2 protein chains.
Amino acid sequence: MTLADQPPAAALVFQTLLQHGPLSRAEIGRRTGLTPGAVTKVATPLMADGWITEVGRPATEGASGRPATLIAVRAERALFAGVKVTGEELIGVLADLTARPLATGRVLLDSRDVGTVVLAIAGLVDELRTAGGMAQSDALHGIGVTISGDVDSRLGTVQYSPFLDWRRVPLAQLVESAAGAPTVIENDVRALTVAEQWFGAGAGLSTFALVTVGAGIGAGLSIGGRVVSGAHGVAGEVGHLPVSGVERVCTCGNTGCVEAVASTHAITEQARQATGNARLTMDEAVRLAHAGDPAVRAVFAGAGRAVGLALACVANLIGPERIIISGEGVASYDLFADHIRQSFVDHAFGAAVDCDLVVRPLPFEEWARGGAAVAAQRVFAPAK
Amino acid sequence: MTLADQPPAAALVFQTLLQHGPLSRAEIGRRTGLTPGAVTKVATPLMADGWITEVGRPATEGASGRPATLIAVRAERALFAGVKVTGEELIGVLADLTARPLATGRVLLDSRDVGTVVLAIAGLVDELRTAGGMAQSDALHGIGVTISGDVDSRLGTVQYSPFLDWRRVPLAQLVESAAGAPTVIENDVRALTVAEQWFGAGAGLSTFALVTVGAGIGAGLSIGGRVVSGAHGVAGEVGHLPVSGVERVCTCGNTGCVEAVASTHAITEQARQATGNARLTMDEAVRLAHAGDPAVRAVFAGAGRAVGLALACVANLIGPERIIISGEGVASYDLFADHIRQSFVDHAFGAAVDCDLVVRPLPFEEWARGGAAVAAQRVFAPAK
DNA sequence: TTGTCTTAGTTTCCAAAGGAAAGGTAAGGT
DNA sequence: ACCTTACCTTTCCTTTGGAAACTAAGACAA
C-alpha cells in the first residue's frame, strides 16, 4: 500500500502527525476539521500498513472522560537518501520519513562530467544503505538530489548549474536508472526550505523565508504552504537584491548586490584589503574580528548591514511570519547579528518588524537532508 | 440560489468562464479536467438560475462533428458596488460580475470621522444604484470598500489607516448596516490585484505582481492564484524597499526608500529644488522635462531607476511571470520608461529578466473597480 | 437520399469520500 | 453501583464526480 492510494483525508491526517508529533484521534479531528469518525476510518488502514502506530497516553492530570490514545508516524516505515551535489563533492544522508539522518557520507568528485557524477551518486547511495544497516532486499523509498542553480523539479532536469557547468541535464532519470530508486531533484535552497517547512522552524507557519548565508546568499520562500519556484526558475535570489550602501562590484557584474559584501568570499576579500594581508583566510578574519581589529570588524558590520537590508526587503515584500537565517558562518554569527537585526528593524516597514528572526546552524549534512525531505514529501504530499 | 450552494465543480466551471470568456462545455471539461458529464450536470442549475447562458456557436470553419454550443457568464446576474476611500474623497463604481463599470461617482469628504465616512459611503452607493438604473427592489449583491493601509479583510476591520487616522475600525460591519448589503473591505492595492487577477492583465497567470506608482508606491503580489496579505498585514511594500542609489530621506524616516525619489510628491520636491522654483507643480515638471530641461529630466531618470530597482527586487525574490506597472503618472510614463526598463534589466538576476513588464493606465475609477472585484470574488470564489 | 464518421452534449449508473448520529468504551466522581 | 465525560467506532446516508452508454447535429461520401 502506498499513501497515494488512500483518500485525501489520509494525507491530511498523516501530515498533521508529521508536523505536530503524537496526537489523539480526537485532536487530529479538531485540527484538520475532520469528524472523529473520518479520522478513525482513515487511520485504520494507515496503522494496518505500518505508517502510523499507537504510542500510549498523553500525560494529562485529572482529565475527565475516556483517556485519549496518542498515535504517531512510524518514521522508519520508509527510508530516503538525500544527496547534495556541489562542484567539488557529494554530501549524502540516509534519512527516515521525518528527514532524521540515520547515516551520512561524503565523496569527493574528480570530474564534473555528468556520467561520472551520476555514478558517484549511485555509489554514495549504496554506501549509505550499508552504513544505515539496510539489507540488500530493503527497498529505498526514494532519492532526492539537490543542486544549486536552475532546477526544474517537475521535469526532473537541471536547466543550468553554474558550478558544474551543466545545461539541460535530465538528472532525475539518470540517477533513477543508476541507483534503482524513484528519484526527484530540486534546487538546494528550495529543498532546505521544504525540510524546514515540514520538520523545522517553519512547521505550522503559513508563510516564512529561509535565508542561507555562506559561499552564496540565497533564500527559499514558503508562502501558503507552498515553496515558490518562480515562473522562470528564479526565486529567492536575495544575494542579488540591489540594496543601498553597497559599493563593491558583484560577480554578476552589478554594484549593490548583497552577495558582493556578505558572501564568505566577499568578506575574505574585504578583510584582505583592510589588513593588507593578501593571504588572510576567513577563519583568520573571524579571529581578528573577535580580537577587536576595528577594520575587520567593520567588514563584518557592513556584511551584517547588507544582510539586514535583504531581510527587510523580504519582510516588506511578502510579510512572512518568520525569517530563518541559516549558514555555515554561524560560528561568526555574533559578528553580524546586531547589525543584521539593527538594519532589519530600521528598514522593515510598519508591522513588518514583527517578523520573527530566527538563527539556525547549518551543519554540512543539513543540505543533503533537504534532498531527503523532498523525496519524502513525494510520499506524503503527492501530486500538488 | 447562490453559487455557494453548488458543488465545487460549479465554482470551477464558473471561474473558467469568467477568466476565458465563452467556451463550449467540452472545452471547459478539457481545461478544468472535469468529464463532459460533470460539466453538463453542474452547468444545468447554473443556467436555470441565470448565472450562465448559451451564447451561440463558435466561428469554426470546416470542423467535423457536432458543432459546439458556447456558454458564457451572464455578467448582469449580480451587481456590486466598489468604493475606494481616500483622505479627501470617495470614488465609487457600480459594476457587474466581471467588474465592468456601469456607473461611476465621486464624493468629497468634509470629515474623516468614521460615522461621517460610513454615511457618505452609504449615500454614494445609493447614488450609484440610481445612476445605474437599478430599481428600489433590485438587491445589490455586495459592496467592496477599499482603503490604503493595514486592512484585515477576514475580520472586516481597518487596523490602521494613516490617511484617515483610523485604528481598529470595524468598517465592513458599519457599512453593511448603513448600506444594507453584504460588505467586504480590503486594502486598495490588493483589491486592484484581485481585479487584475480575474479580469485584467493577470488573468490566467500563476504568479504576477502589480506595482502602482503615484502618490505612494505599492505592489500587490499574486502567487499561485492567491493575493498575498502578509502575516502582519504588510506585504508588497515596494515603496519602502531600501534600494541603492537613493540618498533622500523618506517620510518613513529612512534613506534608500524608492518612495523617497519616485512618488509624485518626491518628484515634485526634487524638481522644485532642481529648478529653484518653489511652487512648481507636477504637471509643470512634466512639461519642463518634455521640453528638455536637463535638471528636471534627471529627476525623472532617478525616479525611473529607483522603480526599476524595485521591480528587480520583486523579480529576483518571487520570480513572477509578469509585472504590471500602473499609475496615475502614465501621462509622464515616457519620462521614466527607459530608465525603469534599463535598471530592471541590469539588476534582474539570471532568468528573472524574462519577466514580462506591462504598463497599464490607472484611471481614477479603476481603484473603485478593485472593490467591486473583491465583492464579486466573494460570490464566485467563496471561502478560500 | 441515406448511411457513416466525428465531435458535442446528456443520461444513467456507480464508487468513493466524508458527515451525522447513535452506540460502545474507559476513566473519574458521587 | 451509577452517572458523567470525553474518546473512539460503527452504521447509515448524502454528495460528488467519473465511466460509459447513448443521443444530437453537422459534414461527407456512396
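**Stop 1: the protein surface near DNA strand C**

Select the residues of the surface near DNA strand C: they divide into 10 nonpolar, 9 polar and 6 charged. Bear in mind as you click around that this is a predicted model. Around DNA strand C there are 25 residues, and those that come nearest are Arg66(A), Thr40(B), Gly65(B), Arg66(B) and Thr69(B).

Now show the DNA atoms within 4 Å of the protein. For DNA strand C, 71% of them belong to sugar or phosphate, and bases supply the rest.

- Arg66(A): an N or O atom in its side chain is 2.8 Å from a base nitrogen of DNA strand C.
- Arg57(A): here a side-chain N or O atom lies 3.0 Å from a phosphate oxygen of DNA strand C.
- Ala9(A): a polar backbone atom sits 3.3 Å from a phosphate oxygen of DNA strand C.

Next, colour the elements that give two or more residues to this surface: helix 1 (8-20) and helix 3 of chain A, along with helix 2 (25-32) and helix 3 of chain B.

**Stop 2: over to DNA strand D**

Which residues are closest to DNA strand D? Pick Thr40(A), Gly65(A), Thr69(A), Lys41(B) and Arg66(B), out of 25 residues that surround DNA strand D. By class, the surface near DNA strand D holds 10 nonpolar, 9 polar and 6 charged residues.

Sugar or phosphate accounts for 69% of the atoms of DNA strand D within 4 Å of the protein, with the rest in bases.

For close-ups, stay on chain A:

- Gly65(A) has a polar backbone atom 3.3 Å from a base oxygen of DNA strand D.
- Arg30(A) places a side-chain N or O atom 3.0 Å from a phosphate oxygen of DNA strand D.
- Ala26(A) uses a polar backbone atom, 3.0 Å from a phosphate oxygen of DNA strand D.

Which elements give two or more residues to the surface near DNA strand D? In chain A, select helix 2 (25-32) and helix 3 (36-48); in chain B, go for helix 1 (8-20) and helix 3 (36-48).

**Stop 3**

Chain B has an open sheet of 3 strands, in the order 1-3-2, with antiparallel pairing. Its edge strands are strand 1 (23-24) and strand 2 (52-56) of chain B, each pairing on one side only.

Follow strand 2 of chain B to strand 3 (residues 70-73) of chain B: the two pair in the antiparallel sense over 4 bridges.

**Stop 4: where the two protein chains meet**

Finally, bring both chains back and select the contact between them, with 36 residues from chain B and 36 residues from chain A. About 3100 Å² is buried between chain B and chain A, and carbon and sulfur atoms give 68% of that area.

How many salt bridges are there between chain B and chain A? The count is 0. Polar contacts do turn up, though: 14 residue pairs across the interface of chain B and chain A, with both residues at pLDDT 80 or more.

On the chain B side, the elements giving two or more residues are strand 13 (217-223), helix 10 (294-318) and helix 11 (333-347). Centre on helix 10 of chain B, which gives the most to that side, with 7 residues. Then colour the chain B side by class and you'll get 22 nonpolar, 10 polar and 4 charged residues.

Conventions: Residues are numbered from 1 along each chain as its sequence is written. Chains are lettered from A and ligands numbered from 1 in the order in which they are written. This is a predicted model: local features need pLDDT of at least 70, side-chain atom pairs count only at pLDDT 80 or more; totals for chains, interfaces and linings use all residues. Side-chain values use heavy atoms; hydrogens and water are left out. Contact means heavy atoms within 4.5 Å. Buried area is the accessible area (1.4 Å probe) that two parts lose on being put together, summed over both. A salt bridge is a side-chain nitrogen of Lys or Arg within 4 Å of a carboxyl oxygen of Asp or Glu. A polar contact is a pair of N or O atoms within 3.5 Å; within protein, one must be able to donate a hydrogen and the other to accept it, and residues adjacent in sequence count only if both atoms are side-chain atoms. Ala, Val, Leu, Ile, Met, Phe, Trp, Tyr, Cys and Pro count as nonpolar, Asp, Glu, Lys and Arg as charged, and the others, Gly among them, as polar. A residue is near a molecule or strand if one of its heavy atoms lies within 4 Å of it. Two strands pair if DSSP finds at least two bridges between them.
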